[in-house]
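Colleague: I have the sequence and the coordinates open. Can you take me through them, a few features at a time?

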Amino acid sequence: EIHIKEPTEKEVNPRLLPGELLLCEANTVYKYIQEDGSNRGTCGKLVCTNFKIAFLDDDSASDDNEPQFKNKIIGENDITLQCVDQIYGVYDEKKKLLTGQLRKYPEKLIIYCKDLRVFNFCLRYTKEEEVKRIVSGIIHHSQTPKLLKRLFLFSYASAAPNNTEGRNQTVMFDTLEDWRGELERTKGNVKYKAVTINEGYRVSEKLPLYFVVPICVSEESILKYEGRGIPIWCWSCHNGAALLKMSAFPKEQDDSTSQTQKAFLDGIYKTISKAPYELLKTDDLSSSLPSLQDIQTAYTRFKQLFLIDNSTDFWATDVKWFSLLESTNWLEIIRRVLKKAIEVAECLERQHTNVLLIEECATDLCCVISTLVQVMMDSYSRTKSGFQSLIQKEWVIGGHAFLDRCNHLHKSDKEEAPVFLLLLNCVWQLVQQYPPAFEFTETYLTVLSDSLYVPIFSTFFFNSQHQKDTNTSGESLKTQSGPFRFLTVWDWSVQFDPKAQAFLNNPLYAEKPKPDKSQRKTTRFKHQRQLSLPLTATKSTTKRGFFREETDHFIKNILGKRISKFINSSDEPPNSFREFYDSWHSKPVDYHGLLLPRIDGPEIKVWAQRYLRWIPEAQLHGGGTIATAAKILDLMEEVQSLQVKMDEQHSQAISGDVHSVPLLRNSARLSSLFPFALLQRQSIKPALPTSTWKDLEDEDDLVKRDDEFVDLTGDMP
């Protein structure tokens, strides 16, 4: 059933950004809105530009129903080209992955997005020529390999040459002064120095222009192996112990080279193990943590659980939710990463030992662990500007290959791995366990993850500072020539107005340390879908009879019978770690001191807001964290209005408007999908016939059934 509004005379045209060009379009396209198996849709125009794919209907032109949390760059029905994950076509009710040139064009287009949205477009009533143009245009511009300079980032920067990188109190770490300031802030300047030896990138193109090394390391040593084998400073603890990272030497080399490099390393280790330096502990992350390939495989499986085509698919996967979630291994990887960060924190905090993280290029897992350790140990990193400065220091300037890891150019799938997303998932665990310790909210982390795919900011679109610097010189489209002026993602005013930005700030942030044991007990909401795995001593040996086993574990979990073991019993931590972990958790939390995440079994949860926000079936009506947030914002509004009344009594007139936070009355009408999606109709869990239960117990994983497609366009009986 298709609901169409009366055709209007005015044509709906896309709102284009500076430098954005309309490439192709198709009229009479239907966008399905799927709820509970019904097939309602709206008619409109599907367009593709050099920045995005957009669906335009009559509502696109009106500003009447604008949400409070509106993104100024990307609309509700916009998909940036970098955000497209996979495109499927439906031919005779069969789903097929679309790539390259097509011989036959589909009657339906399904676009899966990297932010977990799913768009269904019906092309049955569109002119054949327009179908060919729009489908091949979308596939070509979103899926085929492209040159760096072809990114919309450059078109936008050329057409809007007055852009300036707004600092917003975020330290960018692109100057020597920024590094010296950080050394001074952490009192690391006694034993460490900022060096300028890489100016002009004469040491290495992978290293930043400026970085910090131990004072005793000579320039000759840095130059010898292009910065490899040199301990680079990340952060200093209050007791003087420091966190360092190092690029390892390649493993496959001939004996003489290997011996020379070993002797070089021994010399470096001896130098930084003497006074005034603390004892040194090295940790090779490539052997102690999952590989990038493991991380990519786990996340690929995990995201399939949330790319839901329709209500039937949701309830089908819901039956095997625990099995499917555990089989992805994503939560286990998060747990292992957090555990490693706690181990490093123990060395720094309790053992007063320097920790040297080693990795092939020191730009992937090194970034994850060093960032987490600083978030856990340094309260400045838990403020908004402090966290943004930390991402700049460890990731952007630190040389994380965002372009390759996010596969923005579609050059090589082998290089792709969601390393930065893994970090945000780990930070979210801390944010949801200790909300008052963070100045920012989970909504902030969610929009930060979305910003990975918005190519108007340079922050996440280069592999290194060198690559950005060499591509910054260029000519603008019109009159002026000169270097490109890229935007930074940290200027949130580009995406959100002040009212929307209020959702990024935590109103309950603890400004001063207030240890309070009672605050550590977090309320557990009743979710339609359990968001953490039940605590199990060993993995299930059989796939049959899954429902009974999982229900048993679930009941044990909700009855509070906690088993003090990790999910994998073989992965028991050493005694010193466990003692440190248990000792810290037995004391009241100092929100401005050391924070250790809880990592036993069910404490590691699914980041509900990011992964479930587009699924109406998973929403909580009047519930979720947004209900709490709405109440708090209401109270703040009330307090502010009372303050105004008190001020008015003291002085007869008040000049200027009083700035207030957005008012969210009647929080019961909101759902947990807010602020990303509007309240949607409650979905009823279907009664499954016996034959369906038998199908579900089959050995095939539901998550791997890519080719199956449930057609909802047929006539209802």
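**Loops and backbone**

Colleague: Which loop holds Tyr201?

Modeller: This is a predicted model, where local features need pLDDT of at least 70, side-chain atom pairs need 80 or more, and totals for chains, interfaces and linings use all residues. Residues are numbered from 1 along each chain as its sequence is written, and side-chain values use heavy atoms, without hydrogens or water. Helices (H or I, at least four residues) and strands (E, at least two) are DSSP runs, numbered from the N terminus. On that basis, Tyr201 is in the loop between β9 (192–195) and β10 (211–214).

Colleague: Is Tyr201 buried or exposed?

Modeller: Its backbone is worth noting: Tyr201 has a positive phi, near 55 degrees, in a residue other than glycine. Buried means under 20% relative accessible area, exposed over 50%, and partly exposed in between (1.4 Å probe, protein chains only). Tyr201 has 14% relative accessibility, so this residue counts as buried.

Colleague: And Asp92, buried or exposed?

Modeller: Asp92 lies in the loop between β5 (84–91) and β6 (94–97). Its phi is positive too, about 45 degrees, although Asp92 is not a glycine. With 59% relative accessibility, Asp92 counts as exposed.

Colleague: What is the peptide bond from Ala275 to Pro276, cis or trans?

Modeller: Pro276 falls in the loop between α6 (255–273) and β13 (280–284). Omega from Ala275 to Pro276 is near 5 degrees, and the bond is cis.

Colleague: How far apart are the C-alpha atoms of Pro602 and Ser532?

Modeller: Pro602 is in the loop between α20 (575–585) and α21 (608–612). At 7% relative accessibility, Pro602 counts as buried. Pro602 and Ser532 are 70 residues apart along the chain, yet their C-alpha atoms are separated by 5.0 Å.

**Salt bridges**

Colleague: How many salt bridges are there?

Modeller: A salt bridge here is a side-chain nitrogen of Lys or Arg within 4 Å of a carboxyl oxygen of Asp or Glu. By this rule the count is 25.

Colleague: How many residues lie between the positions of Lys303 and Asp85 in the chain, counted as residues apart?

Modeller: The side chains of Lys303 and Asp85 meet in a salt bridge, with N to O at 2.7 Å. Lys303 belongs to helix α8 (residues 292–304) and Asp85 to strand β5, so the pair links distant parts of the chain. Lys303 is buried at 13%, and Asp85 is buried at 15%.

Colleague: Which residue forms a salt bridge with Lys191?

Modeller: The closest N and O atoms of the pair are 2.9 Å apart. Lys191 is in the loop between α4 (176–185) and β9, and its partner is in the loop between α6 and β13, so the pair ties together parts that are 87 residues apart. Both residues are buried. The partner is Glu278.

Colleague: Which helix holds Lys340, the partner of Asp283?

Modeller: Asp283 and Lys340 meet in a salt bridge at 2.8 Å, N to O. Asp283 sits in strand β13, 57 residues away in the chain. Asp283 is buried at 9%, and Lys340 is buried at 8%. Lys340 is in helix α11 (residues 330–349).

Colleague: How are α13 and α16 set relative to each other, roughly parallel or roughly antiparallel?

Modeller: Axes are lines fitted to C-alpha atoms, for helices over the stretch in contact, and angles run from 0 to 180 degrees between N-to-C directions. Under 35 degrees counts as roughly parallel, over 145 as roughly antiparallel, 65 to 115 as roughly perpendicular, and the rest as oblique. The axes of α13 (residues 384–396) and α16 (residues 442–450) come within 13 Å and cross at roughly 30 degrees. That makes α13 and α16 roughly parallel.

Colleague: Which residues of α16 make the contact?

Modeller: Contact means heavy atoms within 4.5 Å. On the α13 side, Lys384, Phe387 and Gln388 take part. On the α16 side, the residues are Tyr444, Leu445 and Leu448.

**The whole chain**

Colleague: What share of the residues in the protein chain is buried?

Modeller: The chain has 23 helices and 16 strands. Of the contacts with a separation of 6 or more, 74% are between residues 24 or more positions apart. Of the 717 residues, the buried share is 54%.
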